[in-house]
Amino acid sequence: MSDAIVTVNLNNLHGSALEYLEKNPIEVPRGMSINFAVHTNPTTGYTWQYESTDENAELFTVEKHYTQDDAPENWTGVPGITVFTLTGDSTGEGVFHIWKGHEWEGMDHFVTEFRFPIHVV
């Protein structure tokens, strides 16, 4: 993982905490990073994708990294964790949007999604 100022585990986020983050901008200092982590198992065909926009491309960059959980030798289909590292580049407001689904079907067919307002300061 990166040298992020915080890691948000989205799998443990629900109820009022999730509602709060969806409605209130997350402040990210310019030049700093924040991680968003989600459990995933790409062998199912469902993966997490970041939905980039032209506006966001100027405000922040997002890198995606997957790490498989430890597994006994010769095991397949083992889940892991996908971490999206968002780094503030320029001041302003945008939206960090990730969705889980079949990449080839596009975001119109997502299973679940997270959409958070971001304020780069």
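User: Hi! Quick one to start: is R115 buried, exposed or partly exposed?

Analyst: R115 is partly exposed, with a relative accessible area of 42%. Here buried means under 20% relative accessible area, exposed over 50%, and partly exposed in between (1.4 Å probe, protein chains only). Bear in mind that this is a predicted model, where local features need pLDDT of at least 70, side-chain atom pairs count only at pLDDT 80 or more, and totals for chains, interfaces and linings use all residues. Residues are numbered from 1 along each chain as its sequence is written, and side-chain values use heavy atoms, with hydrogens and water left out.

User: Thanks! Which side chain does R115 meet in a salt bridge?

Analyst: That would be E113, at 3.4 Å, N to O. A salt bridge here is a side-chain nitrogen of Lys or Arg within 4 Å of a carboxyl oxygen of Asp or Glu. E113 is partly exposed too, at 27%.

User: In which sense do strands 1 and 3 pair?

Analyst: Parallel, over 3 bridges; two strands count as paired if DSSP finds at least two bridges between them. In this pairing N9 stands opposite A37 in strand 3.

User: What about strand 7, which residues stand opposite K100?

Analyst: K100 has W48 opposite it, and T112 in strand 8 as well. Strand 4 (residues 47-50) pairs with strand 7 in the antiparallel sense over 4 bridges, while 9 bridges join strand 7 to strand 8, also antiparallel.

User: Nice. Now the inside: which residues have the most contacts in the largest nonpolar core?

Analyst: L10, F36, F116 and I118, in a core of 21 residues. Such a core is a set of buried Ala, Val, Leu, Ile, Met, Phe, Trp, Tyr and Cys residues joined through side-chain atoms within 4.5 Å.

User: Which strand gives the most to this core?

Analyst: Strand 8, with 4 residues.

Methods:
Helices (H or I, at least four residues) and strands (E, at least two) are DSSP runs, numbered from the N terminus.
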